Amino acid sequence: MKSDNIINYDKINHVLVDDSIEVIARKEKVVLVGNPNVGKSCIFNYMSGMYVDVSNFPGTTISITKSSYHNKELYDTPGIYGVSSFNDEERVAKEIILDSEIIINVVNALHLERDLFLTLQLIDMGKKVSVLLNFADEIKKRKIKIDTKQLADLLGVEVIETAAINKMGFDKLKFAIDNARVGNQQLDLHFMLQNLMDKSISQSESLLILEGDEETAKKYEIPNGTPDDREKIYIGRRNRVNEIVDQIEYEDSKKGEIFNRIGRLSLNPKTGLPILAFILILVYFFIGDLVSQQIVDFTENTLGKGLFEYNVKSFVADFTPATINVSIYDEQENLIDLKTFNFPEGKNSYTNLSNEFSSYSAQPGASSDFHYTNPLARLFFGEFGVITMTITYLLFLLFPLVIGFYFVMAMLEDSGYLPRLATMLDRTFNKVGLNGRAVIPIMLGFGCITMANITTRLLGSEREKSIVTAILQFVIPCSAQLAVITVLLSGAGLKPLLVFIFVIASVLITLSTVLNKLLPGESTPLLLDLPIMGIPKINNVLKKTYYRSLGFMKEAGFWFFVGAFAIGIFEITGILTIWQDILAPLTTTWLKLPKEAANAFVMGMVRRDFGAAGLFHLSLTSMQITVAIITITLFVPCIASFVVMIKERGIKEGLIVWFGTWITAFFIGGLVAQIVI
Amino acid sequence: MPNNTLDKAIKGKTVTIVNLPSGNIRSQLIRLGLTEGGTIKCIERLPGGTIVIQKNRQEIAVGFDLAKKIKVILQ
């Protein structure tokens with residue numbers, strides 16, 4: 001019965017006219033298509049020699065990446081479970097699939113039942129297809145047997161075993177493209193399509209129309225299939241998948257692996273919370289201690305201030321009037337000696353004094369403070385110098401921290417832990433109108449709010465997107481900001497940390513509860529496919545860390561210079577003092593901070609992190625630090641995330657959130673100040 | 001026995017799906033491998049009712065509100 005239902009188009013090749021025949025002159029388009037977590041991007045990286053962000057959770061490849069391969073255009077697509085328009089990823093993938101000639105369908109050999117559904121849909125679309133059976137190495141490890149040859153016979157297309165880890169089968173990728181062909185289609189389905197194809201609609205589009213895709217139907221101004229039609233086709237296809245899998249897959253042993261067991265344990269709060277705590281402690285030791293204390297201490301103080309800034313500033317002082325205070329500290333950071341050098345005509349004019357300065361400031365524990373009278377020298381090389389301060393902060397403070405952070409994020413993503421965390425926290429998120437999926441944009445927000453704003457797209461409804469967008473802008477500190485907060489808090493003791501966490505958590509809970517009550521509509525329930533747990537591939541983790549950190553620095557660097565330049569101009573022209581005076585009542589009486597803290601708020605509008613970085617210069621008590629970082633954390637998002645937020649959520653919602661953060665930040669910050677200071 | 005829903009599934013036990021909810025979610029469930037008449041194993045029941053099921057090697061988390069709408073026969 002099975003075989004009666006299927007006709008082989010290799011034998012009756014004139015029955016179907018494939019889309020590609022009429023466009024032979026154009027460069028052929030090859031598209032990599034597959035479910036999430038099948039290793040498409042890995043294969044794309046190999047074929048194009050280009051790096052694509054590879055992630056172990058859905059939603060990261062929302063756009064299409066294009067490259068070329070043996071004189072053909074090559075495209076990577078987001079992971080999808082089927083071709084239709086259920087969400088943005090599917091819409092994006094659908095367009096490129098319809099427009100392409102050859103489809104390389106990447107299949108996870110461990111999840112054939114899930115993945116072959118898409119394979120059969122692609123074949124039913126009448127496209128030329130080849131299948132890559134990826135994770136072939138994992139099958140052997142797990143003692144599963146897959147009859148690849150029979151699978152190829154049943155599907156009617158080439159099936160090639162591949163494994164990303166040792167590039168097995170990668171040498172046959174060209175063969176897969178050259179031998180892609182139209183596979184075995186369901187006969188009854190084909191008759192259903194014929195009616196539409198007679199109106200000279202391509203087979204692919206006919207199938208989508210029949211499966212109820214409104215967008216495609218609208219294009220031809222004909223009614224799309226009903227939900228019943230779609231369901232009939234889907235169930236038929238599902239049954240065929242199950243039949244195929246029954247025939248080709250044999251399992252030798254059902255033993256789970258240790259990682260699978262850890263995966264199970266991390267789902268239930270009883271065992272999952274200790275696992276989460278364990279992971280957070282590891283992260284704390286890695287980022288909070290190793291990176292932000294030991295590494296940054298070396299890069300910022302020794303390399304940044306000691307080597308880079310000292311030499312640049314000393315060089316500038318050769319030519320311009322300067323006063324230099326040199327303080328000598330012992331190993332316990334106590335001041336033991338202090339000397340002031342004055343060069344009214346620049347160091348070059350005073351050979352003896354200049355030499356004395358050089359040897360005095362070269363002592364261990366010496367720290368030099370340069371003051372220039374020339375406004376330009378101050379703008380570029382002074383305390384807030386566009387060149388000196390910016391480069392120290394960017395390269396020697398932020399960069400190591402951001403690398404550390406992205407490394408941890410990449411490890412968590414690639415291990416398959418995040419979807420399990422999403423599952424464990426599902427019920428908690430339900431209370432504020434979200435489902436566990438929301439954990440993904442929120443976790444990403446701890447990396448970069450701008451990036452996280454884009455991933456809110458993977459949430460199921462508009463109200464969920466609005467709630468998460470607000471949470472991200474109001475309460476979540478990004479990695480750069482976290483970096484500065486960590487450094488500020490690490491000197492202040494435990495109490496400020498607890499106050500900070502308590503206040504931020506309270507705002508988070510209040511904000512999301514209120515939004516859940518106010519926003520209309522209904523939230524979607526969780527339906528999440530859990531990838532296999534495993535040790536992340538270090539190569540991929542490092543690549544991801546490298547590209548994301550670099551991307552971050554490129555994006556942040558520009559705004560950092562802009563911010564420093566603005567502050568420098570404000571300082572020299574006296575605008576900074578005026579601003580400080582305007583905000584003074586708010587800063588000094590309500591927030592109980594020194595009035596210079598107002599600088600931090602100006603800077604914070606450009607980038608949140610140098611809002612916090614601006615606090616370094618002030619000598620604050622530990623409770624003042626707490627108030628300051630609470631205010632800065634709740635304060636407006638950086639310019640980049642503001643722009644992306646408006647693009648994603650519209651100007652009205654964007655502005656409401658932006659002004660909302662002003663009010664909340666000063667209100668809550670002040671409230672805390674009145675209580676604790 | 002009748003009128004049971006997936007949220008009542010017992011950890012470690014197998015259930016047979018009798019009826020899936022309608023709408024887009026139905027198509028998504030079918031694509032993930034869940035069909036009426038198909039059997040799945042409940043591998044975890046979280047406090048609050050989120051259910052984790054297994055279909056062959058594939059593990060799928062189903063939120064409480066969705067689980068309540070999936071009619072099953074407990075075995």
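This is a predicted model: local features need pLDDT of at least 70, side-chain atom pairs count only at pLDDT 80 or more; totals for chains, interfaces and linings use all residues.

User: Which residues in α1(A) are buried?

Analyst: A residue counts as buried if 20 or more other C-beta atoms lie within 10 Å of its own. In α1(A), that applies to A:Lys40, A:Ser41, A:Cys42, A:Ile43, A:Phe44, A:Asn45 and A:Met47. The helix, residues 40-48, is thus mostly covered, with seven of its nine residues buried. The cover includes β2, β3, β4, β5, β6 and α6 of chain A. After α1(A) comes A:Gly49, with a positive phi near 70°.

User: How do α20(A) and α28(A) pack, and at what angle?

Analyst: Angles over 145 degrees count as roughly antiparallel. Here α20 (residues 462-474) and α28 (residues 639-649) of chain A pack at about 170°, their axes 12 Å apart, and are therefore roughly antiparallel to each other. A:Lys465, A:Ser466, A:Thr469 and A:Gln473 in α20(A) meet A:Ser641, A:Met645 and A:Arg649 in α28(A). By type, the contact has one nonpolar, four polar and two charged residues.

User: In what order do the three strands of the open sheet in chain A lie?

Analyst: To read a sheet, follow which strand pairs with which. In chain A the order is β13-β12-β14, with antiparallel pairing. β13(A) and β14(A) are the edge strands, each pairing on one side only. The twist averages 15° from one strand to the next. β12(A) and β13(A) pair over eight bridges, and A:Ala322 stands opposite A:Phe343 in β13(A).

User: Which helix packs on that sheet?

Analyst: Helix α12 (residues 269-319) of chain A does, touching β12, β13 and β14 of chain A. The direction of α12(A) makes about 40° with that of β14(A).

How values were computed. Residues are numbered from 1 along each chain as its sequence is written. Chains are lettered from A and ligands numbered from 1 in the order in which they are written. Axes are lines fitted to C-alpha atoms, for helices over the stretch in contact, and angles run from 0 to 180 degrees between N-to-C directions. Helices (H or I, at least four residues) and strands (E, at least two) are DSSP runs, numbered from the N terminus. Angles under 35 degrees count as roughly parallel, over 145 as roughly antiparallel, 65 to 115 as roughly perpendicular and the rest as oblique. Two residues are in contact if their C-beta atoms, placed from the backbone, lie within 7 Å. Ala, Val, Leu, Ile, Met, Phe, Trp, Tyr, Cys and Pro count as nonpolar, Asp, Glu, Lys and Arg as charged, and the others, Gly among them, as polar. A residue is buried if 20 or more other C-beta atoms lie within 10 Å of its own, exposed if 12 or fewer, and partly exposed in between; C-beta atoms are placed from the backbone. Two strands pair if DSSP finds at least two bridges between them.
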